[in-house]
Amino acid sequence: MKIFYLGTLYFIFISMSSYSQTNMQEKDTMSKDIPNSVENIDSHLDHFFDDNADIVVFDEIESELIHRDIYFIKATEDRAFHILLSCGMSAMPMKIPEDIESSELAEVMILLPKEWNLDYESFSDERNYWPIRIMKELMMLPHQNKTWLGFGHTFGHEDDEEFAEGIGFNSVMLAHSMELSADFTQIELENNEIIDIYTLIPLYKEELEFKKQNSAYDLLERFDKFEIEEILNVGRKNVCKEKYYWQ
């Protein structure tokens, strides 16, 4: 599997990002001072993709605490969606409560329709960039705050504003993938530890409130009832809008 790296410089918690524009090249070095998960993720993807796979990595040039890359696995004729996969969150263990059964190691992904614009030049438009921004914020969150992320956890901004103008979504929920098998979403390491890969489901404000008042399973049941797919769909039905709530 051949992976190309595009050097980028991201600043978290702001809409616009600054970039170091470089030629696309295979990455051969990594900072020894910042923990990273590149070897584990590369080895895992080797089991699923051959040399013909079109994979680009948005490589973080300046890192703090962990090195955060985003793998862009492009759609194919057989798989009609892109995969954005984080790499770096699992470089450090999370602080899991003693009464919780969940892996200390995790990564996140989001599935995008093949029409989604992820060209380098498009990142100046937050309507294209926001999935990457949210992923990078989530990757840092458990380590900065000495906490953990797992199934059913949600993340959004305190002001409840949508992630980008016209998007509608103001939060995401971590869930188990419905599109990709457990073989892909669980990485077994040589020391028998597991890296869990959670899919991110964007939520409307009303859906977030429903989940808080009920449970992640209850919300997923509503998604199933209204045939909401895992692949991000801007403008999809809000399953907790009043006109749908009692259906």
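**Exercise 1. The buried side of helix H1**

Task: In this predicted model, identify which residues of helix H1 (residues 38-46) are buried, and explain why they lie on the same side of H1.

Solution. 
Step 1. The buried residues of H1 are Val38, Ile41, Asp42, His44 and Leu45.
Step 2. Around the helix axis, these residues cover an arc of only 165 degrees, which means that they are on the same side of H1.

**Exercise 2. The nonpolar cores**

Task: Determine which residues touch the most other members of the largest nonpolar core, and which element supplies the largest share of this core.

Solution. 
Step 1. The largest nonpolar core has 38 residues, and those touching the most other members are Leu84, Leu118, Trp130, Ile132, Leu138 and Leu200.
Step 2. Several elements each supply at least two residues of this core, among them strand E2 (55-60), strand E5 (105-113), helix H2 (126-144) and strand E9 (194-203).
Step 3. The largest share, 9 residues, comes from H2.
Step 4. With residues up to four places away in sequence not counted, Trp130 touches Trp116, Phe163, Ala164, Ile167, Phe169, Pro202 and Leu232.
Step 5. There is also a second, separate core of 23 residues, including Ile55, Tyr71, Cys87 and Leu189.
Step 6. As a general background, nonpolar side chains tend to be buried together in soluble globular proteins.

**Exercise 3. The surroundings of Glu193**

Task: State where Glu193 is found, whether Glu193 is buried, partly exposed or exposed, and which residues are in contact with Glu193.

Solution. 
Step 1. Glu193 belongs to the loop between strand E8 (186-188) and E9.
Step 2. The relative accessible area of Glu193 is 34%. Buried requires a value under 20% and exposed a value over 50%, so Glu193 is partly exposed.
Step 3. Apart from neighbours within four places in sequence, the contacts of Glu193 are Glu104, Leu105, Ile187 and Glu188.
Step 4. Leu105 is 88 residues from Glu193 along the chain, yet their C-alpha atoms are separated by 8.1 Å.
Step 5. The side chains of Glu193 and Asn191 make a polar contact (2.9 Å).

**Exercise 4. Salt bridges**

Task: How many salt bridges does a search of the whole structure find? Describe the pairs formed by Lys74, Arg133 and Arg236.

Solution. 
Step 1. The search finds 8 salt bridges.
Step 2. Lys74 pairs with Asp54, with the closest N and O atoms 3.6 Å apart. This pair links distant parts of the chain, 20 residues apart: Lys74 is in the loop between E3 and strand E4 (81-87), and Asp54 is in the loop between H1 and E2. Lys74, with a relative accessible area of 27%, is partly exposed, and Asp54, at 40%, is partly exposed as well.
Step 3. Arg133 pairs with Glu137, the closest N and O atoms being 3.4 Å apart. The two residues are separated by about one helical turn because they are 4 residues apart in helix H2. Both Arg133 and Glu137 are buried.
Step 4. Arg236 pairs with Glu207, and their closest N and O atoms are 2.8 Å apart. Arg236 lies in the loop between helix H5 (216-225) and helix H6 (242-245), while Glu207 lies in helix H4 (residues 205-213), so the pair ties together parts that are 29 residues apart in sequence. Both Arg236 and Glu207 are buried.
Step 5. Finally, a network of salt bridges links Glu60, Arg68 and Lys136.

Terms used. Residues numbered from 1 in each chain as written. Predicted model: local features only at pLDDT ≥ 70, side-chain atom pairs only at ≥ 80, totals over all residues. Heavy atoms only, no water. Buried < 20%, exposed > 50% of the residue type's maximum accessible area, 1.4 Å probe, protein only. Arc of directions from axis to C-beta. Core = buried A, V, L, I, M, F, W, Y, C linked by side-chain atoms within 4.5 Å. Contact = heavy atoms within 4.5 Å. Polar contact = N/O pair within 3.5 Å; in protein donor to acceptor, adjacent residues only side chain to side chain. Salt bridge = Lys/Arg side-chain N within 4 Å of Asp/Glu carboxyl O.
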